[in-house]
Amino acid sequence: MLKQSNKMTALYCRLSQDDRQEGDSNSIVNQKKILNRYATEHGYTPFEFYIDDGWSGTNFQRPDFQRMIRDIDAGKIERAIIKDMSRFGRDYLQVGMYTEIIFPEKDIHFIAINDGVDSMFGTDDFTPFRNIINEWYAKDTSKKVRAVKKAKGMAGEHTNPHAPYGYMKNPENPKEWIVDEEAAEVVKEIFRLCVKGHGPLQIANILTERKILTPSAYAVKAGTKKVAAEAEKPYRWRSTIVCDILERPDYLGYTVNFKTYTKSYKNHKIIYNPPENWKIFENTQEAIIDKETFDTVQQIRQGRRRRTSLGEMPPLSGMLLCAECGRRMTLHRRSDKPNNTHFLCGAYKDDPTSCSSHYIRYPVVEQILLDNIRELTGFVSEYEDEFVKMVIDTDVQKKNKKIAKEKRQLKEKQSRIKELDILFQRLYEDNVSGKLTDERFNKLSDTYETEQKNLTDEVEEIQKLLDDSESQSRDVKNFLEFVRKYTVIRVLTNEILHAFIDKVIVHAADKSSGKRMQEIEIVYKHIGVLDNTKVMVSRGKVV
């Protein structure tokens with residue numbers, strides 16, 4: 001007869017994603033049956049199940065495993081039973097620490113049924129070797145999973161098991177992402193709010209007030225996630241969530257692989273890869289956000305406009321650059337003189353000896369931009385053809401004529417390059433067979449190599465001219481679309497500002513003429529700087 005005790009028996013079950021591939025033998029249901037029957041037959045009652053479903057054996061931060069350890073520390077448990085040692089874990093050092101040090105210190109009776117381990121009858125000398133074998137299994141599985149994931153990632157397949165907020169897996173083809181219309185509308189609204197000038201925290205507060213489910217809560221509602229990270233606050237958006245959405249290229253219809261990695265199968269800490277190590281594949285799913293809007297948002301995010309002391313975030317903040325040092329100009333506003341809002345060179349602010357102030361008042365820049373945009377869009381609307389000719393300057397037109405001429409020769413040059421490849425092969429064969437001396441071979445091969453290199457350079461130059469010409473044509477078309485969209489511009493809104501303006505370059509004031517003259521270059525998106533987008537300012541007015 002067993003001695004009655006107020007403490008209970010812990011029946012621990014674990015199943016990882018990889019263990020599911022082994023069939024029903026390792027299933028949670030099967031483990032529970034084995035443990036229940038064993039505990040009942042041996043009179044180990046009362047007992048309680050601790051279950052970690054979908055957790056790797058190399059990770060000892062499993063929720064129910066840690067709950068079991070806390071109950072052991074609290075003195076609630078006297079016995080722990082598992083199906084076999086692999087269910088406890090697959091890190092032999094961690095497993096040994098618990099079974100050989102912590103459990104004996106806590107006087108825990110430990111049993112692994114299928115492996116014949118029972119601490120009441122002493123230690124099993126083979127158990128450490130069994131733990132090492134279990135770890136080798138985890139290491140081998142990890143290596144295979146990494147290899148498969150890398151192959152999929154390099155092939156442009158989605159490596160993320162979950163579709164990002166705004167998309168969902170296609171029920172007919174789980175490898176494919178399709179647009180989730182309800183969530184996609186929220187994503188579009190987030191981008192719209194950002195373009196209008198709202199920061200991530202403001203956007204998060206707006207979504208919270210509207211009682212829109214957070215991505216985690218929405219996933220729980222959709223049945224794609226079991227547990228919400230913030231189940232008690234399903235509408236509480238955070239600025240970090242908004243930032244993540246605003247910076248995801250996935251919404252352009254791209255697949256972005258290898259954004260993160262882990263050092264080893266034992267270390268599960270996620271490390272972020274720099275963007276240059278990402279693998280990006282375009283047009284892998286339907287886009288939710290157009291590239292123009294996405295690029296505008298990235299520009300806004302890079303500018304990171306800061307609030308003034310009065311809590312406002314003027315649209316121009318972060319867009320002005322110093323012409324001399326290239327630093328961003330910082331916004332200043334005196335609390336005792338609210339109308340005295342002006343920009344200063346960021347380098348000058350940090351160190352007055354490094355650059356000049358480049359002082360310019362905020363209202364002056366704002367009015368200049370509004371007038372310039374109105375003037376330019378008015379001209380484009382009325383004289384579209386003349387505008388296109390003005391943007392595509394004489395040099396570009398000459399290049400286009402050269403391209404037209406070189407295009408006819410492009411095929412000949414490419415054909416000659418292929419002929420040279422064949423000649424190289426023949427020269428090599430003749431040299432090997434003795435028909436051609438080494439001296440003659442070297443001379444001819446050098447001649448052909450020089451000719452081939454020159455031809456290759458010429459082909460690359462022609463291709464570059466073609467690409468530049470096509471790119472400029474696309475840019476002009478995009479700008480014309482903006483003009484058609486914003487036909488009447490009454491005020492300079494944040495949306496209009498970021499739709500048209502790339503940056504504003506402010507030069508130092510010149511007082512040599514006896515008047516304070518200051519040049520401003522307005523750099524428009526797609527078309528750059530034109531003659532009429534360079535303005536001289538004196539006493540707050542364009543001269």
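The crossing of H6 and H7 is right-handed, where right-handed means that the near helix is turned clockwise from the far one by less than a right angle, and left-handed means anticlockwise. This is a predicted model, in which local features need pLDDT of at least 70, side-chain atom pairs count only at pLDDT 80 or more, and totals for chains, interfaces and linings use all residues. Residues are numbered from 1 along each chain as its sequence is written, and side-chain values use heavy atoms, leaving out hydrogens and water.

- Val186, Ile190, Leu193 and Cys194 of H6 meet Ile203, Ile206 and Leu207 of H7, with contact meaning heavy atoms within 4.5 Å.
- By class, this contact of H6 with H7 has seven nonpolar, no polar and no charged residues (nonpolar covers Ala, Val, Leu, Ile, Met, Phe, Trp, Tyr, Cys and Pro; charged covers Asp, Glu, Lys and Arg; the others, Gly among them, are polar).
- Helix H6 (residues 181-195) and helix H7 (residues 200-209) pack at about 135°, their axes 10 Å apart; axes are lines fitted to C-alpha atoms over the stretch in contact, and angles run from 0 to 180 degrees between N-to-C directions.

**Strand E1**

- Eight of the eight residues of strand E1 (residues 8-15) are buried, so E1 is largely enclosed by the rest of the structure (buried is under 20% relative accessible area, with a 1.4 Å probe and protein chains only).
- Met8, Ala10, Tyr12 and Arg14 point one way from E1, while Thr9, Leu11, Cys13 and Leu15 point the other way.

**Its neighbours**

- E1 and strand E2 (residues 47-53) run parallel, joined by seven bridges, and Tyr12 stands opposite Tyr50 in E2.
- With strand E3 (residues 77-82), E1 pairs in the parallel sense over four bridges (pairing takes at least two DSSP bridges), and Leu11 stands opposite Ile81 in E3.

Technical notes: Buried means under 20% relative accessible area, exposed over 50%, partly exposed in between (1.4 Å probe, protein chains only). Helices (H or I, at least four residues) and strands (E, at least two) are DSSP runs, numbered from the N terminus.
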